[in-house]
Amino acid sequence: MAASAGGRKLGWTVGFPWRRIILTLVAIGIGVFVLIGSYRTLTLPDAERIIAETWFQLMVRGLALGAVYALIALGYTLVYGILRTINFAHGEVFMAGAFGSYFFAAAFAESGFLDRHIVVSVIVLLLSSMAVSVGVAVLLERVAYRPVRRAPRVVPLITAIGASLFLQGTFSGFFGPDFKGYPKPEILGGQWELFGVTVKRTDIVVFLTMVVAVAALQYFVRRTTTGKSMRAVAYDREIASLMGIDVDRVVLTTFAIGGLLAGIAAVLYSMTFGQIGPFMGFLPGIAAFTAAVLGGIGSIGGAALGGLLLGILQSVGPYLLLSGFHVPSPFQLKDVVTFSVLVLVLLFRPAGLLGSEEVDRL
Amino acid sequence: MNLRRTIRGGAMGGTVLVYLCLVGLVGTFSDLSLIGTWLTAAGLLLVLPPVVAGAVMTRPRVQAGERRTMALSTAGTGAATGFASGAVLAVGMGLVQVIGIDTVRRVFVSVSPILMETLTFGLSTWGGALVIVIGAAALGGAGALLRSMPRQIRRPIVVGTVAVVALGLLQRVVPSIFDTLSIERDWLYRDITNGLQTTGALIVFLLSVGVTEGLRRLQGRSAKEAGPADALPPEEGAAPEGRRGVPWGGVVRVVVLAVALVALPQLAGPVVSESLGTVGIYVLLGLGLNIVVGYAGLLDLGYVAFVAVGAYFFALLTGSHLITAFGLEDPLASLHVDPFVAIALVAGIAALIGLVIGAPVLRLRGDYLAIVTLGFGEIARVLLTSDWLQPVFGGARGLGDITDASIGSYGFRHPQHFYYLVLALCLFAVFVSWRLQDSRIGRAWTAMREDEQVADATGVSTVRYKLLAFAMGGAIGSLGGAVYAIKLGSLSASGGTFGVLVSVTVLAVVILGGLGSIRGVIVGALVLIGLPDLLSQFEEYRLLVYGAALMVMMLQRPQGLVPNSRRTRELLEVDRSQDRWTGALAADKRVASEVSPVGEGSG
């Protein structure tokens, strides 16, 4: 056989902990890089130094971004917990929500309703966004996941990628491929003083919304009957169905809840960044997935924690590590940070921060 | 007649119709005429859903005897289905009329006056709606009738229709071939923008009906003479020899194919040659990705990284210049290697990068591997466009003034010459893939793909073979990148040139053709790259079509259009491991208990 020849030649290498050695070297290299980079950035001459307030603002920005990631990440985590597959099209569920609320937002802004009845407006925006996101998520489950649930693993993966492209193409065909300005209510436009630092109001609202949503989800999954049946299905699908739980319905519910949270995230994201487009789901989707992996995929608290951490890493990381080396425009490399975090987590702690060691993934 | 079924089928057909209108396909294709002035591509899009709905909803029962007596009621059911789908569209049109087209258009950008004109056939909205409903009913009935016909009649009709539509779609290719061969073409195409002549289309239809029927009779006779075994098509890669001495049939086929391949660009003219060149690049990329995904079973979504590596390193090795705001500048590192040597070097570099990328992801399972490789692809793109590496790769503006590969004064940038360069590389890649397929390496990949743990246990070094797959796939992909650089003469990673869409497009090419199938890659590239390239209207709908292709193939025919037999068996196998709850899956259960929403509560 193939390996017997190779096996003789490589005899002494068998059992030698190559992997561990390489991983350790990589870890040391990264550690050294982070230390040197931060040291050089923090000891820059006064003219170039980034002042403390800027760092703080970057952190707050990162937390707000991270809160959005966390909300999207919950969708990945829930679906993964139940089906053991990555929902590649979840970024598009998020995008669909943004479009769902956009037309209301635009109409409200035009008529002045948005600022006169801010509470009603925001509720309508959230509801419309959630409705569209849930609709797309449910449709996705029915069309792209349910028929291939028992097929080899690569099959649902590819249908999901196809669905993701299809949704992008559909929304760009329906509503035009260009970016659209998303109105922001006046009341959220300003800034607040917090511990002596000015913070954008949207950032705080985004963060608080995320906290409420995560708490509500925790309650739902731990206390309600539907939540308990979700846990049962995640624990063992077959046994759960023997216990009289309708697995198909639970899976559908899971997708719907993921869509609900993505819908909330979409409104928050659109208000923060002020523009939406059919391709807006891709990068936040990947980042949110990274967040879910970072926090430990399958764990709700992990998704929240991972989202916030990743947000901070993305906004602070490039400046902290690269400014010292005089790299021009470090913010361009924020997606490199995302993907590096993803690869490193999978290399060193595949179960994530809050997850326990998982055999299945390896 | 099953009323519920009919309504459901009609509703689905109608939804498809409305979708096609809203997404803009109907409006965009309304100026692409297929036959004369009366059938446009948009018309075809509107005709198909009711026909298909009618056909699907009246799938004939198994008893063959009953069928004939049921013909009338079948047609009735089909007509009802078609009627329902037409009604959905008509209601949509009515809504647009009531709300006002300008208001609707502010949300759905594709609802244009052109679309409404196409849908109403120049009549008023209500008249158009009436025509659509009646027409859809007739089409649904026709679809149902077609479905209930015996196979011998149905097949020639379908083949003839497909032939006519194909010739209509290829209206930029076929006429120039006719002209080069100085064949009279007025009977078929008068001018090359107006599709087929009606009589010509009829002649083509009758011809293909005749040919199909003739072939069937011939096949029937030879099958009777030679016994059933010979009627089976030969498996891919299986050599025809050993059947009856010298394989004359095979030799003739190869010679004809070779002549056709060499003569094609001369026959088809520069415009089509350019498209063929693009198809060739994607064949190359597809063959490379086929090694990684099709042979080794590693889903790589960052394949574009290798293309970028190939293109950029080729540019740097052969001496190119940075494009800056002040014109062209010398980059930090620029050599002047001969382009052909550079192509070989680039493949080597890409193979090394394949090893580097492959090493950290060796232990990741399917979906994680996909997303991590996706990440690598994006990292490559971000780095190439970043200001940081601008002195090397030119940043967002990119590299220009790339040396053309040439033999003597025969430069390859000219589309008709470029074709031969790509063809040569494709043949090389086909040869490599073909030899790999059943080699020791190929069998190791098969074993690994089917069950990694078992492969490992039987002595296949999965680490080595995974790395080998990444390296070989990467090397072939980088060839595609290098010729891409030759073709364009300048590179820029901004926009989508090296974006994730390229990776997904290549994946779609491989999947459409069939995972692990060499011929499949070629078919996939022709359909997904060649056809859109010739139809300029198509550009905006690439995403939609690739997405739909991936989904439909995976749901309906995961083995692809030109399947590889072994892969077919694997892909159609139902995986019960996820549902079994006996011993072997105890580990899986433990996993489930530890990570999941349950995790925090149940511990």
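User: What pLDDT does chain B average?
Analyst: This is a predicted model; local features need pLDDT of at least 70, side-chain atom pairs count only at pLDDT 80 or more, and totals for chains, interfaces and linings use all residues. Residues are numbered from 1 along each chain as its sequence is written, and chains are lettered from A and ligands numbered from 1 in the order in which they are written. Chain B averages 78, where pLDDT is the predictor's confidence in each residue, from 0 to 100. In chain B, 86% of the residues score at least 70.

User: Which elements of chain B have the lowest and highest mean pLDDT?
Analyst: Helix 26 of chain B, residues 599–602, has the lowest, at 35. Helix 20 of chain B has the highest, at 89. Helices here are DSSP runs (H or I, at least four residues; strands are E, at least two), numbered from the N terminus.

User: Where is pLDDT under 50 in chain B?
Analyst: One such stretch is residues 228–243 of chain B, with 16 contacts beyond four places in sequence. Two residues are in contact if their C-beta atoms, placed from the backbone, lie within 7 Å. Residues 575–603 of chain B are also below 50, and that stretch has 55 contacts beyond near neighbours in sequence. Where pLDDT is low, the predicted coordinates should not be read in detail.

User: Now helix 20 of chain B. At what angle do helix 13 and helix 20 of chain B pack?
Analyst: About 50°, with the axes 6 Å apart. Helix 13 of chain B spans residues 304–318, and helix 20 of chain B spans residues 462–488. Axes are lines fitted to C-alpha atoms, for helices over the stretch in contact, and angles run from 0 to 180 degrees between N-to-C directions. The two helices are therefore oblique to each other. For the cut-offs, under 35 degrees is roughly parallel, over 145 roughly antiparallel, 65 to 115 roughly perpendicular, and the rest oblique.

User: Which residues of helix 13 of chain B meet helix 20 of chain B?
Analyst: Among them are Phe306(B), Gly310(B) and Phe314(B). Helix 20 of chain B brings residues including Gly477(B), Gly481(B) and Tyr484(B). By class, this contact has eleven nonpolar, six polar and no charged residues. Nonpolar means Ala, Val, Leu, Ile, Met, Phe, Trp, Tyr, Cys and Pro; charged means Asp, Glu, Lys and Arg; the others, Gly among them, are polar.

User: How far apart are the axes of helix 3 and helix 7 of chain B, and at what angle do they cross?
Analyst: The axes of helix 3 (residues 41–57) and helix 7 (residues 125–148) of chain B come within 7 Å and cross at roughly 50°. That makes helix 3 of chain B oblique to helix 7 of chain B. Helix 3 of chain B contributes residues including Pro50(B) and Gly54(B), and helix 7 of chain B residues including Gly140(B) and Arg147(B). Eleven nonpolar, four polar and one charged residues make up this contact.

User: Switching to domains. How is chain B divided?
Analyst: Into domain 1 (3–223) and domain 2 (270–572). Those bounds come from an automatic or database domain assignment. Their C-alpha centres lie 36 Å apart. Ten residues of domain 1 of chain B are in contact with nine of domain 2 of chain B. The domain 1 side has seven nonpolar, two polar and one charged residues.

User: And chain A: what is its mean pLDDT?
Analyst: It is 81, and 91% of the residues of chain A reach 70 or more. Residues 1–8 of chain A fall below 50.

User: What ipTM does the complex get?
Analyst: The predictor gives an ipTM of 0.83 and a pTM of 0.84.
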